Amino acid sequence: MSKFKKKKKGLPAISTASLPDIVFMLLFFFMVSTTMRETDLLLQPIKFPSATEVKKLEHKSLVSTIYVGKSKDARISGDKIQVNDKIIDVKDIPSFIFSERALRKEEEVKYMTTSIKADKEANVGTILDIKEQLRDINALKVSFSTKGTDVRRNY
């Protein structure tokens, strides 16, 4: 007889040494492959008008976007205006711009741009009303988004 008895164990423990590596690989994969959506579009998909002379916006963090188009709800007619994740009226645009300015540093406010992403079928009167509201609050840097904004520069 032996002095020492061998203890029989069930299954050996699972090694967790490689678990942090797997977690970081998954984290890296999702960070690279995920796109962040700024807002959920409550309007029908926008068909942008085409343009020949386009320029890319430099500081996208200083851009406030206003969407103009038809509502997804077929019962609602006419152009709708969307900012962030809500539908607003034309008279609410100044309060939207003032809230966007409040989020920025004071020295950045003069570089802020308002981007209007309007459907090519949108009523011109709606866009003119938006521009008038922007003019009244001295938000004069306005950009219109178009199709084919691939800018090629020759140096």
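Trainee: Leaving aside its neighbours within four places in sequence, which residues is threonine 113 in contact with?

Mentor: The model is a predicted one, in which local features need pLDDT of at least 70, side-chain atom pairs count only at pLDDT 80 or more, and totals for chains, interfaces and linings use all residues. Residues are numbered from 1 along each chain as its sequence is written, and side-chain values use heavy atoms, with hydrogens and water left out.

Once its neighbours within four places in sequence are set aside, threonine 113 is in contact with Leu57, Leu62, Val63, Ser64, Lys141 and Ser143, contact meaning heavy atoms within 4.5 Å. Threonine 113 belongs to strand 4 (residues 113-118); strands here are DSSP runs of E with at least two residues, helices are runs of H or I with at least four residues, and both are numbered from the N terminus. With a relative accessible area of 12%, threonine 113 is buried. Buried means under 20% relative accessible area, exposed over 50%, and partly exposed in between, with a 1.4 Å probe and protein chains only.

The buried residues of helix 2 (93-102) are Ile93, Pro94, Phe96, Ile97 and Glu100. Seen down the helix axis, these residues fall within an arc of 160°, so they line one face of helix 2; the arc is that of the directions from the axis to the C-beta atoms.

Arginine 135, in helix 3, is exposed at 53% relative accessibility, and its C-alpha atom is 9.7 Å from that of proline 94, 41 residues apart along the chain. Lysine 91 lies in the loop between strand 3 (86-88) and helix 2 and is exposed at 60% relative accessibility.

Most residues other than glycine have a negative phi. Asparagine 84, in the loop between strand 2 and strand 3, has a positive phi of about 50° and is partly exposed at 39% relative accessibility.

Turning to the chain as a whole, three helices and five strands follow the pattern α-β-β-β-α-β-α-β along the sequence. The radius of gyration is 27 Å, well over the 15 Å that the globule rule gives for 155 residues, so the chain is more spread out than a compact globule. That radius is taken over C-alpha atoms, and the rule is 2.2 Å times the number of residues to the power 0.38. The C-alpha trace spans about 100 × 50 × 35 Å along its principal axes, and 26% of the 155 residues count as buried. Of the contacts with a separation of 6 or more, 76% join residues 24 or more positions apart.
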